Amino acid sequence: MTLPPYAEFLGVTVERSDDGRPPVLVMPFTSDVLGRPGFLHGGAIGGLLEMAAIVALWHALDDDSARGKPIGVTVDYMRGGREGPTRAQGTVTRLGSRIANVEAVAWQDDSAKPIASARMNYLLTR
Amino acid sequence: MTAPAPSPAGAFGPFDPRRLFEARMGGHVGALGMGYRAHGDDWIELELPYADRLIGDPETGVMASGAILALMDMACGASIWLANRAFRPQATLDLRIDYLRPATPRNSVIGRAECYRLTRSIAFVRGQAHDGDAADPLAQVAATFMFTSAPL
């Protein structure tokens, strides 16, 4: 699985991929993702969630010729992102023939305390 | 979200977005290369120049939707400072974007946001993004923000 240049820009890498679950992505805290001093920028958190969602979709499709075009995203911000790595994982809630519904969650120290979550819909072309 | 706070006058200073963006901005906004275009009483227009590092689909060269999300988050937040006539700390509560079409490769994306309702605690914002023709938008956004300090 090759992540696009935008993921590299955010510093996002695949941390682990096990048990057939969608991969967990990790984004280090750097000045490139900083918002107000000491906090992640909401846009960088949104970008990480979008990457986790599309990676989960690629994982579920398991088909290199298939593509998912984003139709829309809704992000809920629950906690400020502090200095430290942020992890995110997507879940494909429904994979249809034309539409995929994907959720993604981002957390820092404790996966039970998400800092943000997203719902995304994709149009599939195969 | 945000940016270095402008110099305070009183509790918080009057907000001048042009000065804010012309001073070299660091952090995520600076790394993305985001710039100022125009503003009014309750709206702002920002520009995100096309760059290879922002590509989301290497096959087509289309900019990542996440970068457009960051542009719209920033424009939404700045429109609230304008509507408030001052910088006031805030945090994004939720942000929804409809991606109407892919951004055209090599074009700058222009994001415009308008704060259409302010309450004591919450700001309501809407906006659109296009890549050259405002009549042919590529994204539509709706967002809410909460203030993280006491009312002005």
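Q: What makes the sheet with the order S1(A)-S2(A)-S4(A)-S5(A)-S6(A)-S3(A)-S5(B)-S8(B)-S7(B)-S6(B)-S2(B)-S1(B) an open one?
A: Its 12 strands pair in the antiparallel sense in that order. Strand S1 (13–16) of chain A and strand S1 (35–39) of chain B sit at the edges with a single partner strand each, so one side of each has no neighbour in the sheet. Strands are DSSP runs of E, at least two residues, and helices are runs of H or I, at least four, numbered from the N terminus. On average, neighbouring strands are turned by 25 degrees against each other, direction ignored.

This is a predicted model: local features need pLDDT of at least 70 and side-chain atom pairs count only at pLDDT 80 or more, while totals for chains, interfaces and linings use all residues. Residues are numbered from 1 along each chain as its sequence is written, with chains lettered from A and ligands numbered from 1 in the order written.

Q: How do you know that S3(A) and S5(B) pair?
A: Two strands pair if DSSP finds at least two bridges between them. S3(A) and S5(B) run antiparallel and are joined by five bridges, so by that definition they pair.

Q: What does S3 of chain A pair with inside chain A?
A: Strand S3 (residues 67–77) pairs with strand S6 (residues 114–125) of chain A, antiparallel, over 10 bridges. There, Val75(A) stands opposite Ala118(A).

Q: Which residues is Leu49(A) in contact with, leaving aside neighbours within four places in sequence?
A: Contact means C-beta atoms, placed from the backbone, within 7 Å. On that basis, Leu49(A) touches Val75(A), Ala88(A), Ala104(A), Ala106(A), Ala116(A) and Ala118(A).

Q: Why is the set of 83 residues called a nonpolar core?
A: The name goes to buried Ala, Val, Leu, Ile, Met, Phe, Trp, Tyr and Cys residues joined through C-beta atoms within 7 Å. Buried means 20 or more other C-beta atoms within 10 Å of a residue's own. The largest such core has 83 residues, with Leu48(A), Leu49(A), Leu71(B) and Met72(B) making the most contacts inside it. H3(B) brings the largest share, 14 residues.

Q: How many residues of chain A are in contact with chain B?
A: 27 residues of chain A are in contact with 30 of chain B. S3(A) gives the most to chain A's side, with eight residues.

How values were computed:
Axes fitted to C-alpha atoms, helices over the stretch in contact; angles between N-to-C directions. Buried ≥ 20, exposed ≤ 12 C-beta atoms within 10 Å, placed from the backbone. Contact = placed C-beta atoms within 7 Å.
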